[in-house]
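I opened my notebook to look up a few things in this structure. My entries follow in the order I made them.

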Amino acid sequence: MQELITRVIQNVGIDEAMAKPAIGVVLNMLKSVLPEGVVSSLMSALPGADSLMDAAGEAGGGGISGMLGGAMSSLTGGSTGAITQAMSQLQGLGLDTEQAKGVAQQVVGFAKENTPANVSTALEEHVGNLLV
């Protein structure tokens, strides 16, 4: 996971204290939109992901916009609402819109590079270009 943390720090321009919970927010979002079998493969390929996901929960963030994102996710039942909620949570951590998108893009890119083909395919299907 340190490789991903370093990648986010270097490419997004945030410090480690902000990068860890931000990565966790994105991983939690991926966990909520990907099929269970794919999530298992993703977590196996990213040792230490659980601790970052826990850090995201402890950091909180999101406020009213996070709640609205959660409501949208429930209404749409799909990736768009989960991504909206994650972006709200990232902004709640203090990231601006570009930094939030940057973290999401780095995490998804890293996941695609370091996981089996079925995970990469599922990422394309479930989050595709929504993070661009």
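**Entry: helix α7**

What span should the residues of α7 have at 1.5 Å a residue, and how far apart are its end C-alpha atoms? I worked with a predicted model, so I took both values as computed from it. Helix α7 has 18 residues, so it should span 26 Å at 1.5 Å a residue. The C-alpha atoms at its ends are 26 Å apart, which agrees.

Next I looked at the start of α7. There, a side-chain oxygen of D96 comes to within 3.1 Å of the backbone nitrogen of E98. Then I listed the buried residues of α7. They are Q99, A100, G102, V103, A104, Q106, V107, V108, G109, F110 and A111.

**Entry: the whole chain**

I stepped back to count elements. I found eight helices and zero strands in the chain. Read along the sequence, the pattern is α-α-α-α-α-α-α-α. The chain has 132 residues, and 45% of them are buried.

I also checked the contacts. I took those with a separation of 6 or more in the chain, and 69% of them join residues 24 or more positions apart.

**Entry: α7 against α8**

How do I describe two packed helices? I give the angle between their axes and the distance between the axes. For α7 and α8, the angle is about 150° and the axes are 7 Å apart. The crossing of α7 with α8 is left-handed. From α7, the residues in the contact are V108, A111 and K112, and from α8 they are S120, L123 and E124. I sorted the residues of this contact by class and got three nonpolar, one polar and two charged.

**Entry: T115**

Where is T115? I found T115 in the loop between α7 (97-114) and α8 (117-126). Is T115 buried or exposed? The cut-off for buried is under 20% relative accessible area. T115 has 12% relative accessibility, so it counts as buried.

A polar atom of the T115 side chain lies 2.4 Å from the backbone oxygen of A111. I then left aside the neighbours of T115 within four places in sequence. T115 is still in contact with L42, A45 and S120.

**Entry: helix α2**

I did the length check on α2 too. Helix α2 has 18 residues. From its first C-alpha to its last, α2 reaches 26 Å, close to the 26 Å expected at 1.5 Å a residue.

At the start of α2, I found a side-chain oxygen of D15 within 3.3 Å of the backbone nitrogen of A17. The buried residues I noted in α2 are A19, P21, A22, I23, G24, V25, V26, L27, M29, L30 and V33.

**Entry: α1 against α2**

At what angle do α1 and α2 pack? I read about 115° for helix α1 (residues 2-12) and helix α2 (residues 16-33), with their axes 9 Å apart. The crossing of α1 and α2 is right-handed. On the α1 side I listed Q2, L4, I5, V8 and I9; they meet E16, A19, K20 and I23 in α2. By class, the residues of this contact are six nonpolar, one polar and two charged.

**Entry: L34**

I moved on to the loop between α2 and α3, where L34 is found. Why does L34 count as buried? Its relative accessibility is 7%, and buried means under 20%.

Which residues does L34 touch, not counting those up to four places away in sequence? I found V39, L42, A122, L123 and H126. L34 and V127 are 93 residues apart along the chain, yet their C-alpha atoms are separated by 8.9 Å.

S40 lies in helix α3 (residues 36-45). S40 has 44% relative accessibility, so it counts as partly exposed. S40 and V119 are 79 residues apart in sequence and 9.5 Å apart in space, C-alpha to C-alpha.

D54 is in helix α4 (residues 49-59). D54 has a relative accessible area of 49%, so I put it down as partly exposed. How far apart are the C-alpha atoms of D54 and N28? They are separated by 9.0 Å, and the two residues are 26 residues apart along the chain.

Definitions and conventions
Residues numbered from 1 in each chain as written. Predicted model: local features only at pLDDT ≥ 70, side-chain atom pairs only at ≥ 80, totals over all residues. Heavy atoms only, no water. Axes fitted to C-alpha atoms, helices over the stretch in contact; angles between N-to-C directions. Helix = DSSP H or I, 4+ residues; strand = E, 2+ residues; numbered from the N terminus. Left-handed = near helix turned anticlockwise from the far one by under 90°. Contact = heavy atoms within 4.5 Å. Nonpolar A, V, L, I, M, F, W, Y, C, P; charged D, E, K, R; others polar. Buried < 20%, exposed > 50% of the residue type's maximum accessible area, 1.4 Å probe, protein only. Polar contact = N/O pair within 3.5 Å; in protein donor to acceptor, adjacent residues only side chain to side chain. Expected span 1.5 Å × (residues − 1).
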